[in-house]
Amino acid sequence: MRQLPVRMARWSARHAGRAIAGWFAFVVLCLVAGIALGTNEATTKDFWVGEAGRAEATATEGGLERSPTERIMIRARSGELDMAAAGAAARDVTERMRGLPEVESVAAPVRSKDGEVLLVSVVLNGPELEGKKNVVPLLEQTAAVGADHPHLVVEETGSPAISKGVNDQRDEDLALSERISLPVTVITLLIVFGSVIMAGVPLLLALSSIAAAIGLSMVASHVMPDAGVGTNLILLIGLAVGVDYTLFYLKREREERARAGGRLGPEALVELAAATAGRAIVISGLAVIVSTATLYLATDVIFSSLATGTILVVAVAVASSLTVLPALLVVIGRRADRLAPRRAARRARRGKPARAGKPETGRVFGAVLRPARTRPALTLCLSVLVMLGLTVPALGLKLIDPGKDTFSRDIPAMRVYDRLTESFPELFVTHEVVTRSTPEQAAQVKRALADLGRRAQADPLFARAPKEAESTKGAQDAKDATSPETPTNPKVPQSPTNPRTPAIVEPTVRTSADGRISVLELSVPHPAPSAEAIESLTRLRQDHIPATVGRLPGVETAVSGDVARGRDYVSHESDKLPLVLGFLLLMTFLMTVWAFRSVVLGAIGVVLNLLSAGASLGLLVLVFQGTWAEGLLAFDSLGAIASRVPLFLVVILFGLSMDYQVFVVSRIQEARQNGMSAREAVLEGINRSAKVVTSAAIVMVTVFGAFVALHLTEMKQMGFCLAVAVLLDAVVIRLMVLPSALLLLGERAWWPARRPGRTVRAQEPAAAGSPAEVG
């Protein structure tokens, strides 16, 4: 592996045109293959976990699975609702919806308890996850009905409409993050290189790597289904690591060029850079890939999609740095060599001296490094104490699976959802009790479920007026309203004393055709993330079911629904966390030991990564779990952290932290191999890497920080935590903690490796020759 980057750079340098053409042909091929095959999206069953997943699998087996359902609300634009006009609008909605191929059935209109809203429920064809694809024609028809009835407000909501709104908002947010991060990235690169061409190279390679990775991810989805989040992560990670890897390589090539003073050709300079920065890029990329691969141990389709996207874009970014980048540098270097005499002549005519090389570290970096250089023990103690102090809030971490109740109210369907649940609180949450038995037990199971329904109705946590039964596959369309004045639903009979108020009825039990599987739906008038909704699930599983259907021998029972899905998902992740974290720590340690042949450095790497991840999670909890920062960052606190965020962030942060660990320690190792003492090597390595590591960190912080401007709270949390972690890692860990620890340990930091003899650099290798191995 040590010679692989050099051999690849040598070939690319000697065949620059072919290398450049081959790379862009590869990118096009990846995109064409991806588009030709398309994306294999995850289905509903891919998301099943825990007891809720078992319940949904059983219901699906009996043909009783959930169907995507939309709700059309009809209300007065002002004043009281005119029932004659509302009834006409309801009939118009029903007629239009029944004419759509996407619609399976339309229920009869239902009037709210206060009489101010008329509700029409529409069941779409197909599985639950496909609703967001098929909902567009329904939204168009709803808008048309509203235009035909201007004195009424006709609006639509439901899981399909909300999912579509979330996807549209996410696309807009991603475009915004690109508009923020790209200009800052370009400015940072211009400051680092002072050249438009050199600044454009990292951006070009990062964007081409992203394009190739997106195409490859579409191909990979036919092996592992895509959960719809992989592309977002490819954009996020691809821009960050793509620019970083190219930046490290470019910086090293410029160092070699300055050191050679014109005595070496572009090909030799590229090979020298490949022997050091190229090797570090390979090790860093492998570290990120290995760390991210631990997400597969979570056995979750979302984490698997995140892992696949990250692995692909990092692998492609590494490949671009080893293949097309050397070729581009040779082309640019040859152009610079041709123009150099003219520039020197112009400067001589103007009486300007030749440009002196810039110092590796300026005053700012010198000031930051001074504490570690002069008082390493004190600096180490104070820095570690600060990081541990930032970690303390993470001890109060609370997890939640964010459902539709947590989405931004900038989404029109969410505002309609709020009005829907205000008028029909029984539509907030539904628990689905699913049973499996023998056909002979069907009657007994139905009586036990009916008893369960009565017990639930007597429980204050459950809705007294149950949700109207939704149509399922194979069910008959509900009848139209009997009159525009008093529309009725045959499944929800009207109270004889108040025709506006639905009478209390026993919850409906649906049974499969073979009598083996039954489903009971129980309504809860509380949003899914609320403590009341969670408590109702606990009481249902622990009290009501064991006292009723749970007593029947041989009957399998499981509960699903929005609350059960969220709670079981959080529990599933919590159970997998020790396994993922254990493998992550082990692989981080082994990768560091393999890269530097030092057990001590391996242990240091694990500890530093834990400090970085712990401090960032602590800040995440401090900012997002409370309410004090809501106005500052424009979010509504969930009172908890999205359940996917901590596990994903710890894995990604370990990988990204290894980036800086590898690049910094590689420079120290190189100085040590060139004959410097342990102390001299640490100071030399930190000095030479400080500027480029900080520049890379600025790019990463910008890319990740742009996600704080997004609407989705989960994406805000992810972007904030990544940005903070990279900043802490680049400044506190790499400029204070790491050099202090290495200065205190001296040669012991490299145990059990022996102190190497001095490596002799090739002073003037031929332009096309092979440089002496360095590092």
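**Entry 1: charged pairs**

I began with Lys251 and Glu255, whose side chains form a salt bridge at 3.7 Å, N to O. I count a salt bridge when a side-chain nitrogen of Lys or Arg is within 4 Å of a carboxyl oxygen of Asp or Glu. The model is predicted, so I took local features only at pLDDT of at least 70 and side-chain atom pairs only at pLDDT 80 or more, while totals for chains, interfaces and linings use all residues. Residues are numbered from 1 along each chain as its sequence is written, and side-chain values use heavy atoms, with hydrogens and water left out.

Lys251 and Glu255 are four residues apart in helix 9 (residues 230-260), so about one helical turn separates them. I take helices (H or I, at least four residues) and strands (E, at least two) as DSSP runs, numbered from the N terminus. Both Lys251 and Glu255 are buried; buried means under 20% relative accessible area, exposed over 50%, and partly exposed in between (1.4 Å probe, protein chains only).

Next I noted Arg539 and Asp459, whose side chains meet in a salt bridge of 2.9 Å, N to O. Arg539 sits in helix 17 (residues 531-547) and Asp459 in the loop between helix 16 (442-457) and strand 8 (509-511), so the pair links distant parts of the chain, 80 residues apart. Arg539 is partly exposed at 25% relative accessible area; Asp459 is buried at 5%.

Salt bridges with shared partners join Lys251, Arg252, Glu255, Glu256, Arg259, Arg667, Glu670, Glu684 and Arg688 into one network. My search of the whole structure gave 37 salt bridges.

**Entry 2: helix packing**

I checked how helix 19 (residues 599-624) packs on helix 21 (residues 644-673): the angle is about 135 degrees and the axes are 9 Å apart. The axes are lines fitted to C-alpha atoms, for helices over the stretch in contact, and angles run from 0 to 180 degrees between N-to-C directions. Helix 19 is therefore oblique to helix 21; under 35 degrees counts as roughly parallel, over 145 as roughly antiparallel, 65 to 115 as roughly perpendicular, and the rest as oblique.

**Entry 3: backbone**

Thr299 has phi near 45 degrees and lies in the loop between helix 10 (266-293) and helix 11 (301-322). Thr299 is partly exposed at 48% relative accessible area. Ala634 has a positive phi of about 55 degrees, in the loop between helix 20 (630-633) and strand 11 (641-642). Ala634 is exposed at 59%.

I also found a cis peptide bond from Trp751 to Pro752, with omega near 10 degrees. Pro752 is in the segment after helix 23 (713-745).

**Entry 4: a buried loop residue**

I placed Leu81 in the loop between strand 1 (69-76) and helix 4 (83-98). Leu81 is buried at 9% relative accessibility. Leu81 and Val117 are 36 residues apart in sequence and 7.3 Å apart in space, C-alpha to C-alpha.
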